[in-house]
Amino acid sequence: MGTVFLGTLRMLVRERSLFVWALAFPLILSTIFMFMFDKIDEGTVFEPVATAVVADEAWGESGFSAVVDQLSQPGGDKLLDIREFASGEAARAALESGEVAGVLRVDAEGRPEVEVAPAVSLEGVAGLGDVNRSILETVATAYLQNARLIADLAAQNPLVFADLSAVEAAFSEEGYTKEVSLTRSAPRETVRFYYALFGMAALFGAQIAMYAICQTQPNLSPVGARRALGGLSRGRTLLVTVAASWLVSFACLAVAFAYVRLVVGVDFGNRDGAALLGMAAAALMACSVGCALGALPKVDMGGKAGLLTGGTCLLSLFAGLYGQPCMQLADEVARNFPLLASLNPAKAICDMFYSLYYYDGLAVFGEKLALLAATTAVLFAVAMVFMRRQRYASI
Amino acid sequence: MSAIVEVNNLVKRYGDVMALDHFDLTIQPGEVFGLLGPNGSGKTTAINCILQLLTYDKGIIQLFGQPMTPTAYQLKRKIGVVPQNVALFEELTVQENIDFFCALYVADRKERRRLVEEAISFVGLEDYRKFRPRKLSGGLLRRLNIACGIAHCPSLAFFDEPTVAVDPQSRNAILEGIRLMNERGCTVVYTSHYMEEVEEICSRIMIMDRGRAVAVGTNAELKAMVGTGERIRAEVALLPDEVRRRIASLPHVRRIDYDGELLSVHCEQGAHNVGDVLGVLADASIAVGRLYSEPPTLNDVFLEITGKQLRD
């Protein structure tokens, strides 16, 4: 059996056409996704706001400059990216050229002033300009409010300043809010497309098992007829074929996973081991699809390939692969017809990886894995029914 | 000794077409059994039914004295098959192909390594062991096809037209190989359209037509079954019409041809045909150059039994 397994493995590995869909396709499409989604992801990741400062004499003497300095310190909390200009005209020119999102200055009495660009996108991404303007306005407004509050306190109850730490705590927002993450990773809408891509790639990988199964069918290949005459039982032949097909399918998905994870930079919730387990399950499911299709009686190899390609494209539509409207359609179907969505292997694979990314625990991932295993078992059973005691009236 | 292949009353239909019509076959151990028949006569269908590759409507098939079933793997391990169409993995090398198919029968790796080497040398593919099938010529492919079918040293081997589209050297090598296998104890079932091959290597021959066995026997027995006798050829410089008419009217003469130099007389079975023809020529004082008497060939027998009508 070992030699037959190795022979089947060699046969599959050397049949290059199988790797077009199973390996090259996910690599190419994920690269295209990487460039397509680059700007979208930029729009959801915060970057410090490029801000011009009119660094005149009044600025140097004002308390606001100390606040701005604090907000532009390097680190994870850096809010502003400061560029200093000697005059207001130079700062405005930078604003008009789009180099900065706004201009901060202080008047003769040290009160902050904000000058922002007109209400159009500064970065070419809708909404980003509004966000940057809001940040600058909030910084200036908060400073003014706090300055006014301190001035009022100093006038009405100067003794509170005896304990500066209490004043500092009172003005800190940390006392009132607590940062809590509801998800394991910061949600990125675009990752779902990569997960849907893995659903499609796994289904295309079913070609591997389908091809291997056809090489065992007397009515589909001369080699199949020759093997049927041999002394290796049909059950063992099927076992060896599935094992070799699974290994090749899994290797393709694992390579695609490594590429998407390391080169494209898609996060799987920092659970790479579990993600690989998911890939193994997806590869096994692909084998079961390939076996069921390969064992389908009275359909030739071309017909089976057509069924697989058409089916994969259709199921990928309901996994949301083809863009935002399709993703919404897939979500709608999943909400209104959950059973139908569960029966879609492409959607099941997509959801399985998203559960790794989104949820704190692994319970949902386990559920999705079990669902995939159940689908796999049913498809293998279908293949067995077709293949068991299969004899031919003509070949 | 019990038969190694025993087929009784085998019936196989393709819709309304009767592919095997109450077909019977008995092959004894050690035979090289030839299965002859026109296209569509049921030779390959019979083999595929015997090997349980095809379903059949009726009949009993026994191999090695045991009922043959699709799951009779113990029996299958003793059988080798060289199919009519070359059946090889394009992705595997010569050696890997032979090893793969041998592994379907022989589990022991060491034993298999020896068998694969023997098979490679048996078909003379030593210089091509790392080649993929697409790099091989038609003759080499046929030889590889044979090696894959017999590497496990079967006790019973089916060769379904193994010499189609090969050159005379390869054909000779293949026939020599089959003879050698038989000498080593392998019973061979051989189908072919080439009568001279069957005549050369088969100890017993069956002629099939329309799914039935129409004649079975040794080469000599088959020739004795038909009316066709010897063909006499004589170099004759001049043959008057009168003499030609007298030869044509001899008791066992079926037909005569004369092209101005060579006289051909086609006879039925008879004891004195040559003497009778020579007697007429001597009476007419006609000088005879060289004289040949050729016994009937298997081709003559085949055409007489199956007819000369074209088949599909």
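The model is predicted, with pLDDT of at least 70 needed for local features and 80 or more for side-chain atom pairs, while totals for chains, interfaces and linings use all residues. Residues are numbered from 1 along each chain as its sequence is written, and chains are lettered from A in the order in which they are written.

Residues 5–235 of chain B are 34% helix and 29% strand, where helices (H or I, at least four residues) and strands (E, at least two) are DSSP runs numbered from the N terminus. In chain B, six strands make up an open, mixed sheet in the order 6-7-8-3-9-10, two strands being paired if DSSP finds at least two bridges between them. Strand 6 (79–82) and strand 10 (212–217) of chain B lie at the edges with a single partner strand each, so one side of each has no neighbour in the sheet. Strand 3 (residues 32–36) of chain B runs parallel to strand 8 (residues 187–191) of chain B and is joined to it by four bridges; B:Val32 has B:Val188 as its bridge partner in strand 8.

Helix 1 (residues 43–50) of chain B packs on this sheet, touching strand 3, strand 7 (156–160), strand 8 and strand 9 (204–209) of chain B, with contact meaning C-beta atoms, placed from the backbone, within 7 Å. Helix 11 (residues 298–306) of chain B also packs on the sheet, touching strands 3, 9 and 10 of chain B.

The contact between the chains takes 24 residues from chain B and 24 residues from chain A. On the side of chain B, helix 3 gives the largest share, five residues.

Conventions:
Contact = placed C-beta atoms within 7 Å. Axes fitted to C-alpha atoms, helices over the stretch in contact; angles between N-to-C directions.
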